[in-house]
Amino acid sequence: MATDKMLKFVTIDRDMPTKRDAEDRRQDFNEIYAEFAAAKAEEQSSRCSQCGVPYCQSHCPLHNNIPDWLRMTATGRLDEAYAISQATNSFPEICGRICPQDRLCEGNCVIEQSGHGTVTIGSVEKYITDTAWEKGWVKPITPISERTESVGIIGAGPAGMAAADMLRQAGVQVTIYDRYDRAGGLLTYGIPGFKLEKDVVMRRADLLKDSGVEYVMNCNVGEDISFEDIRAKHDAVLIATGVCKSRDLPGSDAKGIVKALDYLTASNRKNFGDDVPAYDSGELNAEGKNVVVIGGGDTAMDCVRTAIRQGAKSVKCLYRRDRANMPGSQRETQNAEEEGVEFVWLTAPKGFQGDTVTGVEVQKMRLGQPDASGRRSPEVIEGADYVEPADLVVKALGFEPEDLPKLWGTDGLEVTRWGTVKAEFGTGQTSLDGVYAAGDIVRGASLVVWGIRDGREAAQAILRQFNDAASVAAE
């Protein structure tokens, strides 16, 4: 029986794929975890308890059918595992690499709660789909029939690409408009290769192209083409631009103080082999420098670990709360520390020294009473200021939405007081007829997996619109 292969968590310990030595991985931008071998993937999948209420599944934003594809993997039915995984997730091998499983599926695993150590869900998910690519099981989409309706998607990030995937499966004609020269959005330019190697993203983008999706790259909506022109060309439009406007610090205009996205984009472009003058000049290159990164989220972790690989003299991360209250992944913090990053907890920048930065004026903090979200608010310790030497300062303070109505010169597109696009929950319908929105431009800076879910849900809503219109026309 298949169940004989499962429930092995009592006799088999949790085991992650081998992590490369810290000194070794400091030298390149390759992913830090080795691949599971088939036997190891089957062994670790067999630890699943196949519980009646799968909390792993309910805490996954995509509600992936995790117990079933773990059982298929444990019993050697990997092609079926891939089919189950792909049914609910447009990019399972990407989620397997970059989802914070410790906060989602793995963190809510029943056997984790019972003290046996969670199933390594993310690593198995990555293994399943990487194997599917190797075996040739991943094929371009071939709809049963083509439809005449077309959708224009603005943004080639996770939400836009996930929507394109769903729409092409239904035979809808899809065109994606994006400001960059490569698809993927922040998957391509915002996340370093040691977390997500770029060929993984590019093969998905190429698969969509082979499936009939048209890309219009290097296209700034509002400049190269108007939003209204896109609306006129298509039967529906999906806004999936993400949020790329960096939060700033007052008085941080000195040379040598840079934005996280500019810094990460330059590094990723260099690793693609592009010509990057700002990197070659040293402006966006940490080599030989004392680097200070300000922030405590996942983008800050990407910046500090990138600086290490670029050959920085020292790398410090300033965060105004303590380790327990930082928003970034604890696993990423540990990886960064192993690689030589120093975290300076309970510190915040007060100012900067030098026309070309030479140091960060730092205030020491303590945690006071909880704020509205329940997190303890940081308070300044008076008289405890000091200067942190720095040749390069990276601001990793999070992202905000651009002012799309102004940028695109369009009336009637309603936004929230935070600047995100107002959209109906579960459908993405905006205040404009036939215009939908999905991903970070609706919910604010969030996880890739939420972008995928939003994109898929918006695609389903668009299909319902088309089907309803077709029904009315047929009457």
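The model is predicted: local features need pLDDT of at least 70 and side-chain atom pairs count only at pLDDT 80 or more, while totals for chains, interfaces and linings use all residues. Residues are numbered from 1 along each chain as its sequence is written, and side-chain values use heavy atoms, with hydrogens and water left out.

Visitor: Which residues of helix H16 are buried?
Guide: Helices (H or I, at least four residues) and strands (E, at least two) are DSSP runs, numbered from the N terminus. Buried means under 20% relative accessible area, exposed over 50%, and partly exposed in between (1.4 Å probe, protein chains only). In H16, residues 330-339, the buried ones are Glu332, Thr333, Asn335, Ala336 and Glu339.

Visitor: What do the buried residues of H16 pack against?
Guide: Contact means heavy atoms within 4.5 Å. The partners are helix H1 (22-25), helix H15 (298-309) and strand E9 (342-345).

Visitor: Which residue caps the N-terminal end of H16?
Guide: A polar contact is a pair of N or O atoms within 3.5 Å; within protein, one must be able to donate a hydrogen and the other to accept it, and residues adjacent in sequence count only if both atoms are side-chain atoms. Here a side-chain oxygen lies 3.2 Å from the backbone nitrogen of arginine 331, and the capping residue is serine 329.

Visitor: Is glycine 157 buried or exposed?
Guide: Glycine 157 lies in the loop between strand E1 (150-154) and helix H9 (158-169). Not counting residues up to four places away in sequence, glycine 157 touches Gly184 and Gly185. Its relative accessibility is 10%, so glycine 157 counts as buried.

Visitor: How many aromatic pairs are there?
Guide: Rings of Phe, Tyr and Trp (its six-membered ring) pair if their centres lie within 6.5 Å; planes under 30 degrees apart count as stacked, over 60 as edge-to-face and the rest as tilted. By this rule the count is five.

Visitor: What kind of pair do tyrosine 189 and phenylalanine 272 form?
Guide: Their ring centres are 6.1 Å apart and their planes stand at 65 degrees, so the pair is edge-to-face. Tyrosine 189 is in helix H10 (residues 186-189) and phenylalanine 272 in helix H13 (residues 260-272), 83 residues apart. Tyrosine 189 has 0% relative accessibility and so counts as buried, whereas phenylalanine 272, at 25%, counts as partly exposed. To repeat the kind of pair: edge-to-face.

Visitor: What kind of pair do phenylalanine 343 and tryptophan 345 form?
Guide: Phenylalanine 343 counts as buried at 10% relative accessibility, and tryptophan 345 as partly exposed at 23%. Their ring centres lie 5.1 Å apart with planes at 10 degrees, so the pair is stacked.
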